[in-house]
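Subject: Structure handover

Hello,

Here is the structure I promised to pass on to you. Please have a look at it first, and then read my notes below.

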Amino acid sequence: MDTVVAAPPASAPVTLRKLYFLRFAFAAVWAALLFATADELGPLSTTLLLVYPLFDVAAAVVDVRSAKTNGGPVTLLYANIAISSLTVLALALAATSGIPAVLRVWGAWAVTAGIVQLVAGAVRRHLGGQWPMIVSGAISTLAGLSFVTQAGADDPSLGSLAGYAFLGGVFFLVSALRLTRGARRPA
């Protein structure tokens with residue numbers, strides 16, 4: 001049996017495309033800055049650690065507004081806002097205890113946010129450009145587990161978080177490019 005699926009409003013992919021390009025740029029700059037300070041937990045690295053989930057909250061708010069305007073699902077986006085907001089608080093506390101505590105909190109966030117991203121990408125497949133988000137969510141979940149493991153290492157570093165953020169940014173870039181390609185296809 002064939003099912004007719006209504007085409008998504010044109011503004012949904014446009015908003016996502018712009019948001020994904022912005023998220024890539026932010027992740028690339030953030031990763032470079034964190035990598036430069038990854039060996040110690042000082043004021044700059046702590047600030048960077050708090051800014052990343054705050055940016056995630058802001059991006060999710062933009063995504064919610066777009067989804068509401070276009071009749072898309074928002075429940076998972078609200079979950080992401082709550083998870084990332086709690087992560088900011090948890091990271092602020094963890095930063096007072098050292099890099100292992102930060103890696104544990106970041107790992108827990110990567111696992112939960114990765115699952116949310118995977119499911120949200122699956123739900124929004126019809127918008128196009130979501131397969132990279134689905135893969136990124138799965139990778140985030142696995143990376144989160146590795147961060148928790150790294151917390152127990154002899155000399156833990158924040159460097160792996162920089163690589164994780166950059167890779168996540170690349171997935172946003174790929175999604176943005178796929179949405180751009182989809183927008184150029186004739187109807």
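Of the 187 residues in the chain, 47% are buried (under 20% relative accessible area; exposed means over 50% and partly exposed in between, with a 1.4 Å probe and protein chains only). Please keep in mind that this is a predicted model: local features need pLDDT of at least 70, side-chain atom pairs count only at pLDDT 80 or more, and totals for chains, interfaces and linings use all residues. Residues are numbered from 1 along each chain as its sequence is written, and side-chain values use heavy atoms, with hydrogens and water left out.

First, the overall layout. The chain has 6 helices and 0 strands, where helices (H or I, at least four residues) and strands (E, at least two) are DSSP runs numbered from the N terminus. Along the sequence this reads as α-α-α-α-α-α. Among contacts with a separation of 6 or more, 75% are between residues 24 or more positions apart; a contact here means heavy atoms within 4.5 Å. The chain exposes about 9500 Å², and carbon and sulfur atoms supply 69% of that area (Shrake-Rupley method, 1.4 Å probe; for residues, only the protein chains shown count as cover).

Next, the inside. Setting aside neighbours within four places in sequence, Trp 30 touches Leu 48, Leu 49, Tyr 52, Trp 106, Leu 161, Ala 162 and Ala 165.

How many salt bridges does the structure hold? There is 1, counting a side-chain nitrogen of Lys or Arg within 4 Å of a carboxyl oxygen of Asp or Glu. The partners are Arg 23 and Asp 56, with their closest N and O atoms 2.4 Å apart. Arg 23 is in helix 1 and Asp 56 in helix 2, so the pair ties together parts that are 33 residues apart in sequence. Arg 23 is buried at 13% relative accessibility, and Asp 56 is buried at 7%.

Asp 56 also has a polar contact, side chain to side chain, with Asn 80 (3.2 Å). Such a contact is a pair of N or O atoms within 3.5 Å; within protein, one must be able to donate a hydrogen and the other to accept it, and residues adjacent in sequence count only if both atoms are side-chain atoms. Asn 80 sits in helix 3 (residues 75–94) and is buried at 11% relative accessibility. Ser 84 is in helix 3 too, buried with a relative accessible area of 0%. Its side chain makes a polar contact with that of Trp 109 (3.2 Å). Beyond its neighbours within four places in sequence, Ser 84 is in contact with Pro 53, Asp 56, Val 57 and Trp 109.

Finally, the surface. Ile 115, Val 119 and Val 123 make a nonpolar patch of about 220 Å². Patches use residues with over 30% relative accessible area and no salt bridge, joining like charges within 9 Å and nonpolar side chains (Val, Leu, Ile, Met, Phe, Trp, Tyr) within 5 Å. Val 123, in helix 4, is partly exposed at 42%.

Best wishes
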